[in-house]
Amino acid sequence: MQNFSSLPTPTERIVKIIRDKTLAIMKKGVSFLVTVALMALASSLASASDPSPLQDTCVAIAEPKNAVFVNGKFCKNPNLTKAEDFFYSGLDKPGNISNPVGSAVTPVNVAQIPGLNTLGISAVRIDYAPYGQNPPHTHPRATEILTVLEGTLLVGFVTSNPENRLFTKVLNKGDVFVFPIGLIHFQFNIGHTNAVAIAGLSSQNPGVITIANAVFGSDPAIDPDVLSRAFQLDKNVVKNLQSRFWYDNN
């Protein structure tokens with residue numbers, strides 16, 4: 001015969017339900033906190049990477065007395081810092097566009113403003129003759145954001161392999177366009193008058209690799225057999241391209 005006196009009362013059942021739900025919530029809370037802690041740990045490990053390079057090469061050396069460069073520039077004593085370290089004058093002056101590519105780039109990076117060291121930013125002014133261009137090039141260390149001040153520019157960039165997708169746009173005065181870091185890009189003045197643009201770059205020393213100059217104007221020259229096969233060109237055509245003077249507008 002069942003002993004009904006051992007059965008829980010309605011009040012006891014309610015208390016048990018509340019207790020069980022509370023424990024379940026607490027377990028979920030602990031689980032959530034553990035998850036957050038693990039994510040924070042993973043994030044800290046992911047951010048603990050080497051600093052981005054600020055120049056093309058920085059070869060390690062065992063003897064510090066023979067060291068010449070650091071990754072970036074040596075820092076001045078803060079007590080000796082002055083306003084001129086953060087100042088540059090002359091970006092209002094147009095560059096010389098009387099050259100084979102019809103453009104001139106005036107840089108304002110850490111070489112011109114020492115105070116830019118470690119700040120991860122720089123700028124350029126670009127002047128274009130009618131139908132002049134800033135030839136296809138890449139910045140290995142920076143994304144670029146370009147604003148047209150005068151004229152009309154056809155601009156574009158190409159994505160990486162295998163798509164090699166071209167993104168292109170015609171820009172007028174006041175228009176802004178972004179070139180992602182490391183991707184080949186260009187600007188071409190399609191107007192009948194001079195054009196001017198200002199660009200900001202996300203590095204104190206963005207670097208510039210002009211494709212034609214690097215490939216056909218390297219020193220020493222790349223073996224013509226390599227370029228002949230790479231570009232599917234006759235070797236004599238490659239040699240002719242290598243014999244030309246490749247103008248640097250930077």
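Contact here means heavy atoms within 4.5 Å. The model shown in these views is predicted.

**View 1. Lys235 and its contacts in the predicted model.** Lys235 sits in helix 4, which covers residues 235–243. Leaving aside neighbours within four places in sequence, Lys235 is in contact with Pro224, Asp225 and Ser228. Asp225 lies ten residues from Lys235 along the chain. The C-alpha atoms of these two residues are 6.6 Å apart.

**View 2. The largest pocket and its lining.** This pocket holds about 310 Å³ of space. Its lining is made of 21 residues. Nearest the pocket centre lie Val105, His139, Gly207, Val208 and Asn250. Strand 1 (103–108), strand 2 (122–128), strand 3 (133–138) and strand 10 (209–210) each give two or more residues to the lining. Strand 2 provides the largest share, four residues. By class, the lining has ten nonpolar, nine polar and two charged residues.

**View 3. The second largest pocket.** Here the space comes to about 240 Å³. Which residues line the second largest pocket? They are Lys73, Phe74, Cys75, Lys76, Thr81, Asp85, Phe86, Val110, Pro114, Gly115, Asn117 and Thr118. Five of the lining residues are nonpolar, four are polar and three are charged.

Note on methods
Residues are numbered from 1 along each chain as its sequence is written. This is a predicted model: local features need pLDDT of at least 70, side-chain atom pairs count only at pLDDT 80 or more; totals for chains, interfaces and linings use all residues. Side-chain values use heavy atoms; hydrogens and water are left out. On a 1 Å grid over the protein atoms alone, a cavity is a set of points where a 1.4 Å probe fits but cannot get out, and a pocket is an open set with protein on both sides within 12 Å along at least five of seven lines; lining residues have an atom within 4 Å of a point. Grid points are joined across faces, edges and corners, and a volume is the space filled by probe spheres set on the points. Ala, Val, Leu, Ile, Met, Phe, Trp, Tyr, Cys and Pro count as nonpolar, Asp, Glu, Lys and Arg as charged, and the others, Gly among them, as polar.
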